[in-house]
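Reader: I would like a close look at one part of this model. Please take me through the place where the two chains come together, and what is built there.

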Protein chains: 2
Amino acid sequence: MRHTISILVENKFGVLARIAGMFSGRGFNIDTLNVGPMLDGRFSRITATIIGDEDALDQVIKQVDKFINVLEVTAFSRGQATERELVILKVNAPAAKRSEIMQVCDIFRAKIIDVASESLNVEMTGNANKIKAFLDLIEPYGIVEMARTGNLALKRG
Amino acid sequence: MRHTISILVENKFGVLARIAGMFSGRGFNIDTLNVGPMLDGRFSRITATIIGDEDALDQVIKQVDKFINVLEVTAFSRGQATERELVILKVNAPAAKRSEIMQVCDIFRAKIIDVASESLNVEMTGNANKIKAFLDLIEPYGIVEMARTGNLALKRG
């Protein structure tokens, strides 16, 4: 099963490597991962989606919670959280195809962030399903390069 | 100095933990990190911003490039790439303050993604500076929770 875990940590040397090592040591595969600083630069939030067994997950969460640099661990089940990812990509876009591609972007509220004679750079946010739908439509034009964040999760209301 | 590194890897068990361990073992602090799958699920792209010495960086890149599961390593200097991050946050928003907050969101093209009687969930994308400017304006209202991806980078035109 796929789980989203949010971990608030002190921004100290090696914390991330320790946590990543712990997940893989326990047989969890990390599907996506984000690490970004909080307003107060002393802390960072790690958001990971991992694939593994539910019982094993409880064990890992308890273990992570014991780390001295970990302040808080939250696991989200499906639907409990607002989930968002960001993808940026460069798509082949000769002049003859450009307006067609821009139409697709428009429908998905994707933003054009850079334009060159033969390509467009596009950014899009959404949950995993929405991003998949967008990529399926864009792929036939030729994706030259792509980078994608992992899932972020925020408790609802 | 701050460097952005983009690493294309095979989506194999433990690759991320190995790379993260390597950076921290060499004395680099990982400031932000993203791992997301490519279209072909066999590959993932890791984007990391790390802080450390330029010469040491060359060494680390060579080392990472030797890993069997690594297909490609690119280091970006400032201005070579289009950079984007995503932040999602929940801000205190009692009815009396809501329109004021929505105005700030509007200026920064931030999207409201969830609304409750006392709070708003907001998403915003931009480079690090733009996100900082937005957070500085939103912080006084009270940020209840926040998650942030690391930096993504895409070569220009």
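Author: Start with helix α2 (residues 54-66) of chain B. This helix lies across β1 (2-10), β3 and β4 of chain B. Helix α2(B) runs at about 165° to β4(B). Keep in mind that the model is predicted.

Now look at the sheet. Eight strands form an open sheet. Read the order as β4(A)-β1(A)-β3(A)-β2(A)-β2(B)-β3(B)-β1(B)-β4(B). The pairing is antiparallel. β4 (70-76) of chain A and β4 (70-76) of chain B stand at the edges. Each has a single partner strand, so one side of each is left without a neighbour in the sheet. On average, neighbouring strands of this sheet are turned by 20° against each other, direction ignored. Chain A has a helix on the sheet too. Helix α2 (residues 54-66) of chain A packs there, touching β1 (2-10), β3 (43-51) and β4 of chain A. The direction of helix α2(A) makes about 165° with that of β4(A).

Next, find where the chains join in the sheet. Strand β2 (residues 29-37) of chain A pairs with β2(B). The sense is antiparallel, over three bridges. For a landmark, take V35(A), which stands opposite L33(B) in β2(B).

Then widen the view to the whole contact. Chain B gives 54 residues and chain A gives 53 residues. The area buried between chain B and chain A is about 4,900 Å². Carbon and sulfur atoms give 62% of that area.

The rule finds two salt bridges between chain B and chain A. One of them joins R84(A) to E123(B). The closest N and O atoms of this pair are 2.6 Å apart. The count of residue pairs in polar contact between chain B and chain A is twelve, both residues at pLDDT 80 or more.

Which elements build the side of chain B that touches chain A? At least two residues each come from α1 (15-25), β2 (29-37), β3 (43-51), β5 (81-92), β6 (111-115), β7 (119-126), β8 (143-148) and β9 (152-155) of chain B. The largest share, nine residues, comes from β2(B). By class, this side of chain B has 23 nonpolar, 17 polar and 14 charged residues.

Key:
Residues are numbered from 1 along each chain as its sequence is written. Chains are lettered from A and ligands numbered from 1 in the order in which they are written. This is a predicted model: local features need pLDDT of at least 70, side-chain atom pairs count only at pLDDT 80 or more; totals for chains, interfaces and linings use all residues. Side-chain values use heavy atoms; hydrogens and water are left out. Contact means heavy atoms within 4.5 Å. Buried area is the accessible area (1.4 Å probe) that two parts lose on being put together, summed over both. A salt bridge is a side-chain nitrogen of Lys or Arg within 4 Å of a carboxyl oxygen of Asp or Glu. A polar contact is a pair of N or O atoms within 3.5 Å; within protein, one must be able to donate a hydrogen and the other to accept it, and residues adjacent in sequence count only if both atoms are side-chain atoms. Helices (H or I, at least four residues) and strands (E, at least two) are DSSP runs, numbered from the N terminus. Ala, Val, Leu, Ile, Met, Phe, Trp, Tyr, Cys and Pro count as nonpolar, Asp, Glu, Lys and Arg as charged, and the others, Gly among them, as polar. Two strands pair if DSSP finds at least two bridges between them. Axes are lines fitted to C-alpha atoms, for helices over the stretch in contact, and angles run from 0 to 180 degrees between N-to-C directions.
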